Amino acid sequence: MANLKAIRDRISSVKNTRKITEAMRLVAAAKVRRAQEQVLRSRPFADRLARMLENLQSRLRFEDVSNTPLLEQERPLRHITLVVVSADRGLCGGYNANIIKRTEQRFAELKNQGFTVELVLIGRKATGYFKNRSYPILSTFTGLEQVPTAAEAGKIGDEILAEFLSGSTDRVEMIYTKFVNLVSSAPVSQTLLPLDPQGVAAQDDEIFRLTTREGLLTVERGASSANEVPALQSEFLFEQSPDQLLNALLPLYLDNQLLRSLQEAAASELASRMTAMNNASDNAKELAKTLTLDYNKARQAAITQEILEVVGGSAMA
């Protein structure tokens with residue numbers, strides 16, 4: 001009977017665990033929708049800013065502007081800063097492990113090429129991991145909102161922009177997880193600084209839309225309807241100099257790129273947590289079935305044993 005009690009207690013524990021994992025899955029699903037809404041809300045500003053820079057490029061010839069350090073492509077590379085985006089919490093599958101592994105690979109690759117590399121860490125998981133292993137860390141950011149905001153992106157952008165403009169670093173790369181779909185994400189590396197003026201209006205830029213189909217959450221990706229802002233007229237005159245225009249717009253573009261990357265990473269984290277909690281719920285359900293079957297077998301065996309003892313006792317009498 002002691003064995004039956006242990007099995008009952010384990011079944012109860014597994015069912016309670018399943019309730020928790022199912023609740024966490026639903027919470028992550030709701031937050032994924034919030035992340036999607038924020039991406040869609042920020043899209044018009046990103047489109048207009050990119051188109052404005054594209055128009056300025058055609059009118060002002062970026063390559064002739066020598067006093068814009070954010071576009072300085074010929075700076076000798078000696079110091080490189082890696083901005084690493086991880087999560088503050090776990091229980092999201094291999095999300096954090098994959099981004100840490102990608103960072104270690106890139107760090108080792110750059111060190112082998114003779115560059116000096118420093119890390120800017122976003123999220124407690126990456127911060128704790130690299131601090132415990134004595135990596136060179138420039139700064140850390142933790143406790144960000146689950147759905148990143150423009151203010152948080154601006155704070156991080158100011159940090160890396162100051163390092164770049166002061167000459168402390170010659171290139172800034174960002175390692176984050178690109179949102180593919182609800183069951184797939186991929187760690188990628190993107191160069192933030194110096195900016196590439198030729199890529200401010202990528203034609204293959206995509207956005208994701210979380211939808212419900214047959215009762216299940218799915219993701220639809222499609223090409224963005226970006227850059228619908230009309231081109232500048234040829235007789236359009238600027239009061240400011242090209243340097244002033246670019247130095248005002250390019251930091252905004254940097255912050256926007258950083259925000260988009262943080263949003264992609266947040267969506268990937270939430271999708272990974274949804275998948276992990278869904279798998280945990282399914283595993284708990286299967287385990288509960290197996291334990292219930294074992295319990296029924298053990299109970300049947302105990303009843304059979306009691307019947308045999310009664311029959312044996314009456315036969316001896």
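1. A quick definition before anything else: a salt bridge here is a side-chain nitrogen of Lys or Arg within 4 Å of a carboxyl oxygen of Asp or Glu. This is a predicted model, where local features need pLDDT of at least 70, side-chain atom pairs count only at pLDDT 80 or more, and totals for chains, interfaces and linings use all residues. Residues are numbered from 1 along each chain as its sequence is written, and side-chain values use heavy atoms, with hydrogens and water left out.

2. The structure has 7 salt bridges. One of them pairs E109 with R106, at 3.0 Å from N to O. Both residues sit in helix α2 (residues 95–112), 3 residues apart, or about one turn of the helix. Helices (H or I, at least four residues) and strands (E, at least two) are DSSP runs, numbered from the N terminus.

3. Buried or exposed: how does R106 come out? R106 is buried, at 12% relative accessible area. E109 has 37% relative accessibility, so it counts as partly exposed. The cut-offs: buried is under 20% relative accessible area, exposed is over 50%, and partly exposed lies in between (1.4 Å probe, protein chains only).

4. R106 also forms a salt bridge with E173, at 2.7 Å from N to O. That pair ties together distant parts of the chain, with R106 in helix α2 and E173 in strand β4 (residues 171–181), 67 residues apart.

5. E173 has another partner in R171, their closest N and O atoms being 2.8 Å apart. R171 and E173 are both buried. Through shared partners, the salt bridges join R106, E109, R171 and E173 into one network.
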